Amino acid sequence: MRPSIFTQTVPRGFMHSTPSFAQQQTRRTGPLFNWLAVITLIYLILVAVGAVSHGFKGFSGGAEGAAQIFAFASNPFVALLLGILATALVQSSSTVTSVIVGLVAGGLPIGMAIPMVMGANLGTTITNTIVSLGHIRDRGEFRRAFAAATVHDFFNLLAVFIFLPLELMFGLLQKSAEALADLLAGSADMSMQGMDFMKPLLSPALTFIDGLVAFLPGKGPAIATICIGILLILGCVTWLGKVLQRVLVGRARDLLHRALGRGPLTGIASGTLVTVMVQSSSTTTSLMIPLAGGGVFSTRQLYPFTLGANIGTTITALLAATAISGAGAKLALTIALVHVLFNLFAVVLIYGVPFLRELPVKAAEGLARVGSENKLLALGYVAGLFFALPALMMVAAK
């Protein structure tokens with residue numbers, strides 16, 4: 001006998017197929033809260049950069065004091081190593097370059113800051129390599145992943161070998177960045193008046209920080225302000241990356257899959273866009289390295305995408321530069337533009353010249369072959385290049 005409609009049972013799972021009111025509200029408000037968090041974190045990053053600059057001015061007493069404080073890094077080579085070591089320790093070039101922007105606005109000479117920016121650019125490649133170590137149990141996977149990771153290392157090493165001597169001899173990056181800053185900000189007398197809205201926007205937060213540390217004696221308030229600024233940058237950049245991953249990482253992954261294999265220009269443009277979207281070259285490479293380890297894409301296919309990540313990560317320093325107003329604003333913009341131009345020039349020259357283009361790939365694949373046979377050598381490479389060597393050479397240079 002056929003059951004009537006009144007006696008039919010409700011299919012299993014039907015009662016759970018319609019979201020509850022609370023679930024619907026969560027779906028609606030979740031993205032809103034995420035974007036509010038993004039706005040708040042960007043504001044806090046701007047406050048943090050302003051705090052570093054403000055504290056550094058108070059501690060150093062201006063440009064002369066800054067030069068004395070950083071006398072140990074007056075050697076450009078030591079400044080380069082300092083940038084590598086600092087970035088390797090915090091695993092974020094965005095954090096280090098944002099701090100450098102604040103220090104330049106506070107009186108750190110640009111000539112001293114440029115090698116630090118180059119070092120930060122090189123130090124950030126450690127994240128690629130650490131991600132590749134997750135494949136270390138499988139020799140074939142590790143060889144592919146390690147090659148795709150270290151091609152970033154060798155490209156940035158080659159960029160430093162080419163552009164640091166050019167900078168020391170001709171001031172190529174500084175002069176180019178200053179000319180571009182003039183176009184964007186006008187003369188030094190203008191003090192970037194277009195950015196003056198940042199001063200009243202950040203002033204309440206900076207006044208609050210001043211009040212927190214006012215009880216400290218001597219130079220204590222200035223030192224504490226610098227420390228608060230650095231910690232804020234470190235925390236906010238990390239958290240911002242995580243929030244943006246929740247909001248955009250799915251789209252970034254889709255873009256990655258669509259772009260790879262369509263040619264180098266598309267790869268570079270997509271790598272830039274993905275990194276700007278998630279505000280983290282570390283995230284970009286984390287998406288990329290497992291694809292290499294699994295054999296989905298080769299090192300040569302991922303190479304242009306890596307270069308795009310290099311360019312995209314410079315957006316954070318430009319954002320940090322907008323936090324500075326007054327006399328140091330143009331200097332802050334200049335060092336941020338140095339970071340952009342260094343990466344753009346490196347991509348155009350190295351990837352544009354066939355002989356130079358092949359060097360990072362061949363070096364990475366050679367190291368990966370040796371490293372997959374001797375895992376301790378691969379681990380030693382990471383510890384030596386990013387930690388031990390910079391630390392030892394800085395000690396020796398003193």
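## Close-up views of a predicted model

View 1. Isoleucine 45 lies in helix H1, which covers residues 21-60; helices here are DSSP runs of H or I with at least four residues, and strands are DSSP runs of E with at least two, numbered from the N terminus. This is a predicted model, in which local features need pLDDT of at least 70 and side-chain atom pairs count only at pLDDT 80 or more, while totals for chains, interfaces and linings use all residues. Residues are numbered from 1 along each chain as its sequence is written, and side-chain values use heavy atoms, with hydrogens and water left out. With a relative accessible area of 0%, isoleucine 45 is buried (buried means under 20% relative accessible area, exposed means over 50%, and partly exposed lies in between, with a 1.4 Å probe and protein chains only). Although isoleucine 45 and alanine 323 are 278 residues apart along the chain, their C-alpha atoms are separated by 8.5 Å.

**View 2. The packing of helices H7 and H16.** Helix H7 (residues 139-170) packs against helix H16 (residues 354-373) at an angle of about 140°, and their axes are 7 Å apart; these axes are lines fitted to C-alpha atoms, for helices over the stretch in contact, and the angles run from 0 to 180 degrees between N-to-C directions. H7 and H16 are therefore oblique to each other, since angles under 35 degrees count as roughly parallel, over 145 as roughly antiparallel, 65 to 115 as roughly perpendicular and the rest as oblique. By class, the contact of H7 with H16 has 16 nonpolar, three polar and five charged residues, where Ala, Val, Leu, Ile, Met, Phe, Trp, Tyr, Cys and Pro count as nonpolar, Asp, Glu, Lys and Arg as charged, and the others, Gly among them, as polar.

**View 3. Phenylalanine 163 and phenylalanine 342.** These two residues form an edge-to-face aromatic pair, with 6.0 Å from centre to centre and 90° between the planes; rings of Phe, Tyr and Trp (its six-membered ring) pair if their centres lie within 6.5 Å, and planes under 30 degrees apart count as stacked, over 60 as edge-to-face and the rest as tilted. Phenylalanine 163 lies in helix H7 and phenylalanine 342 in helix H15 (residues 329-352), so the pair ties together parts that are 179 residues apart in sequence. Both phenylalanine 163 and phenylalanine 342 are buried.

**View 4. An aromatic cluster.** One aromatic cluster is formed by Phe142, Phe146, Phe154 and Tyr381. By the ring-centre rule, the count comes to seven aromatic pairs.

**View 5. Leucine 273 and glycine 308.** Leucine 273 is found in helix H11 (residues 264-278) and, at 43% relative accessibility, counts as partly exposed. In sequence, leucine 273 and glycine 308 are 35 residues apart, whereas in space they are 7.7 Å apart, C-alpha to C-alpha.

**View 6. Glutamine 301 and proline 264.** Glutamine 301 lies in helix H13 (residues 299-312) and is partly exposed, with a relative accessible area of 35%. The C-alpha atoms of glutamine 301 and proline 264 are separated by 7.8 Å, and these residues are 37 residues apart along the chain.
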